[in-house]
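Thanks for coming. I will walk through one chain, stopping at a few places along the way. Please have the view open while I talk.

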Amino acid sequence: MESTLHPGAALPMLGRIVAFGSSTPAAYDQDQLWSGYYGTQYGQELVAERLWRGAGVRTRHLAASPLNEDVSGWSTAQRMRRFQADALPLAKEAVSGALATAPFSADDVGLLATVSCTGYSNPGLDVQLAKDLGMPASLRRLAIGHMGCYAAIPGLAAVSDFVTAHRRPAVLVCTELPSLHVQPPPHDAEQTVAHALFADACSAVVVAPSDRAGQGLDVVAVETLTDAASTEDMTWDITDHGFRMTLSRRVPAVVGRHVPALVDRLLSHRGLGREDVRHWAIHPGGPRIIDAVQRALELTDADVEHSRDILSRYGNCSSATILLNLASIGPVDAGDHVIAMAFGPGLTVTGALLQSR
């Protein structure tokens, strides 16, 4: 996916994001979630309330709101059945919305990649979605599971590679329902943070060969760095009561330590510097994550305003969030570079260099 060109050379053929789509379940006010449920669960503990209020979230979208139903005692099997019921309509809405604004139809799609770390079945969401949207029987399908919040970027790399090699459009859809994984007591500080941050959403992109596409964002390069010494700092464990998050206080520092090297790898190999990046889409894993990335890369408040806005309006929707963030940037001038970054278990930092065409 190199973008460096000799003078007068033609643009390389790349995968180009040509359309975005998204969907969410009902919205809930963060303060009401505390007063109506979580505050009683935590016994109005001052530390828990401080963590809740400091999450930087104003509104979250939840398929299973604790104001209406308490799933904390559900088995993993019950949660997976609920995922199957709620995920499909959200994914159909997001993909249909993206295809509606793309110069392609469902019949044209050569690869459908589905991403989730919050629900599984087999036949899975990929089969159900392809059938309901009328995608061809020859469709290639790729299910990317349990990679966590950063999974959209390796998913984007995979569909871009397919598009580049086969010159056919592809769809990537990230469907995450963390609300199905509210944990039973006792609650520690890590669970307080997880309960305060995570929310539900589905986001999709259509990626097409650049020589067959209209305007959009070329996927120029993807890079990943994994700190194997920090594997215990962020985990997403399958238990008898759904999936349980481990989120160490060290995570922002680890992310901040590695993002400069990640960004430099994306840029320096292509003769670019950080000053050449006009837009930054940073996964809003929490306010301290955004702060750490901003400090490490010496970004301005304007550089991270979209990430803070997404956190405030949606919370952390795991893998779906970075695509929501990219879509929120809005029109990007032709030739402008964009960097998208996300972080997750491993501990992994990953990023994509995009260029508007």
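Before the first pair of helices, a word on how helix axes are handled: an axis is a line fitted to C-alpha atoms, for helices over the stretch in contact, and angles run from 0 to 180 degrees between N-to-C directions. Helices (H or I, at least four residues) and strands (E, at least two) are DSSP runs, numbered from the N terminus. This is a predicted model, in which local features need pLDDT of at least 70 and side-chain atom pairs count only at pLDDT 80 or more, while totals for chains, interfaces and linings use all residues. Residues are numbered from 1 along each chain as its sequence is written, and side-chain values use heavy atoms, with hydrogens and water left out.

Start with helix H7, residues 251-268, and helix H8, residues 287-297. Their axes come within 8 Å and cross at roughly 40°. That makes H7 oblique to H8; angles under 35 degrees count as roughly parallel, over 145 as roughly antiparallel, 65 to 115 as roughly perpendicular, and the rest as oblique.

Which residues make the contact between H7 and H8? Contact here means heavy atoms within 4.5 Å. From H7 come Val251, Pro252, Val255, Gly256, Val259, Pro260 and Val263, and from H8 come Arg288, Ile289, Ala292, Val293, Ala296 and Leu297. By type, 11 of the residues in this contact are nonpolar, one is polar and one is charged. In that count Ala, Val, Leu, Ile, Met, Phe, Trp, Tyr, Cys and Pro are nonpolar, Asp, Glu, Lys and Arg are charged, and the others, Gly among them, are polar.

Stay with H8. Its buried residues are Ile289, Ile290, Ala292, Val293, Gln294 and Leu297. Buried means under 20% relative accessible area, exposed means over 50%, and partly exposed is in between, with a 1.4 Å probe and protein chains only. The buried residues of H8 pack against H7, strand E11 (277-282), H9 and E12.

Just after H8 comes Glu298, with a positive phi of about 55°. Glu298 is not a glycine, and it sits in the loop between H8 and helix H9 (305-314). Is Glu298 buried or exposed? At 69% relative accessibility, Glu298 counts as exposed.

Now the next pair. H9 packs with helix H10, residues 320-328, at an angle of about 120°, and their axes are 10 Å apart. That makes H9 oblique to H10, and H9 passes H10 in a right-handed crossing. On the H9 side are His306, Ser307, Ile310 and Tyr314, which meet Thr321, Leu324, Asn325 and Ser328 of H10. This contact has three nonpolar residues, five polar and no charged.

Next, what the records say. An unreviewed UniProt entry annotates residues 75-208 as "domain: Chalcone/stilbene synthase N-terminal". Positions from UniProt are given in the numbering used here, feature names are shortened, and annotations may be inferred rather than shown by experiment. Residues 75-208 are 43% helix and 20% strand, with the end C-alpha atoms 41 Å apart. The unreviewed entry also carries "domain: Chalcone/stilbene synthase C-terminal" over residues 233-356. That span is 39% helix and 28% strand, and its end C-alpha atoms lie 35 Å apart.

The UniProt annotation "active site", again from an unreviewed entry, covers Cys149. Cys149 lies in the loop between strand E5 (140-145) and H5. With a relative accessible area of 7%, Cys149 is buried. What does Cys149 touch, leaving aside its neighbours within four places in sequence? Its contacts are Phe198, His283, Asn316, Ser318, Ser319, Ala342 and Phe343.

Two peptide bonds to finish. Asn122 and Pro123 are joined by a cis peptide bond, with omega about 5°, and Pro123 lies in the loop between strand E4 (111-116) and helix H4 (125-133). The bond from Gly346 to Leu347 is also cis, with omega near -15°. Leu347 belongs to the loop between strand E12 (337-344) and strand E13 (348-356).

Technical notes:
A crossing is left-handed if the near helix is turned anticlockwise from the far one by less than a right angle, and right-handed if clockwise.
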